[in-house]
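The model is a predicted one.

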Amino acid sequence: MTVTLYQAKAGDGLKKAGMKRANTFFQTPKEAVSEALALKERMDARYKNAIQWEYDGLITGSAKKLKILKGYLDGDRNSSPFYLEISEVPSAKETRHTPPIQPKKMTLKDQAVIDKVEQFLN
């Protein structure tokens, strides 16, 4: 039996490296977006809230690999972007469900991102 799971990843534009919790898979896209927003909070704290996120930007990619939010350090669009990504991971075996990290603060813009992703994937 194949089960579709989701994984959240955040890309650090300055270090040019990805952030994710190892071996964490989620059953719904909403849980994965929640995890991605918590990773966004960590990046914001690391860079002292200097990342300007483009909440009005388009969701790009396919259903298998979806970039949901993009941001730039100090708004410099010539720099490497920071991003939040949701990936669809087919799993042939049962995996243990991991609860997502919940963001400490949820803004209306963050909730709009969750709604856009759910609408895109459903």
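## Helix α2

In helix α2, the buried residues include Asp110, Val113, Ile114 and Val117. Viewed down the axis of α2, its buried residues lie within an arc of 100 degrees, so they line one face of the helix. The face turned away from this buried side carries the exposed residues Leu108, Lys109 and Gln119.

Helix α2 covers residues 108–121, which makes 14 residues. From its first C-alpha to its last, α2 reaches 20 Å, close to the 20 Å expected at 1.5 Å a residue. What covers the buried residues of α2? The cover includes helix α1 (29–46) and strand β5 (65–73).

## How α1 meets α2

The axes of α1 and α2 are 10 Å apart, and the two helices pack at an angle of about 145 degrees. The crossing in which α1 passes α2 is right-handed. On the α1 side, the contact is made by Pro29, Lys30, Val33, Leu37 and Lys40. On the α2 side, Asp110, Val113, Ile114, Val117, Glu118 and Leu121 take part. Of the residues in this contact, seven are nonpolar and four are charged, and none is polar.

## Helix α1

Helix α1 has 18 residues and reaches 26 Å from its first C-alpha to its last, close to the 26 Å expected at 1.5 Å a residue. Is α1 mostly covered or mostly uncovered? It is mostly covered, with 13 of its 18 residues buried.

Leaving aside neighbours within four places in sequence, serine 34 is in contact with Pro100, Ile101, Gln102 and Pro103. Aspartate 44 is also found in α1. Its relative accessibility is 10%, so aspartate 44 counts as buried. Not counting residues up to four places away in sequence, aspartate 44 touches Asn49, Ile51 and Trp53.

## Lysine 70 in strand β5

Strand β5, part of the cover over the buried residues of α2, contains lysine 70. At 37% relative accessibility, lysine 70 counts as partly exposed. With neighbours within four places in sequence left aside, lysine 70 is in contact with Gln52, Trp53, Glu54, Pro81, Phe82 and Tyr83.

Lysine 70 and threonine 107 are 37 residues apart along the chain, and their C-alpha atoms are separated by 16 Å.

## Residues with positive phi

Most residues other than glycine have a negative phi. Where does asparagine 23 lie? Its place is in the loop between β2 (17–19) and α1. The phi of asparagine 23 is near 55 degrees, a positive value in a residue other than glycine. Asparagine 23 counts as exposed, at 64% relative accessibility.

Aspartate 74 is found in the loop between β5 and β6 (82–91). Its phi is near 55 degrees, again a positive value in a residue other than glycine. At 58% relative accessibility, aspartate 74 counts as exposed.

Conventions. Residues numbered from 1 in each chain as written. Predicted model: local features only at pLDDT ≥ 70, side-chain atom pairs only at ≥ 80, totals over all residues. Heavy atoms only, no water. Helix = DSSP H or I, 4+ residues; strand = E, 2+ residues; numbered from the N terminus. Expected span 1.5 Å × (residues − 1). Buried < 20%, exposed > 50% of the residue type's maximum accessible area, 1.4 Å probe, protein only. Arc of directions from axis to C-beta. Contact = heavy atoms within 4.5 Å. Axes fitted to C-alpha atoms, helices over the stretch in contact; angles between N-to-C directions. Left-handed = near helix turned anticlockwise from the far one by under 90°. Nonpolar A, V, L, I, M, F, W, Y, C, P; charged D, E, K, R; others polar.
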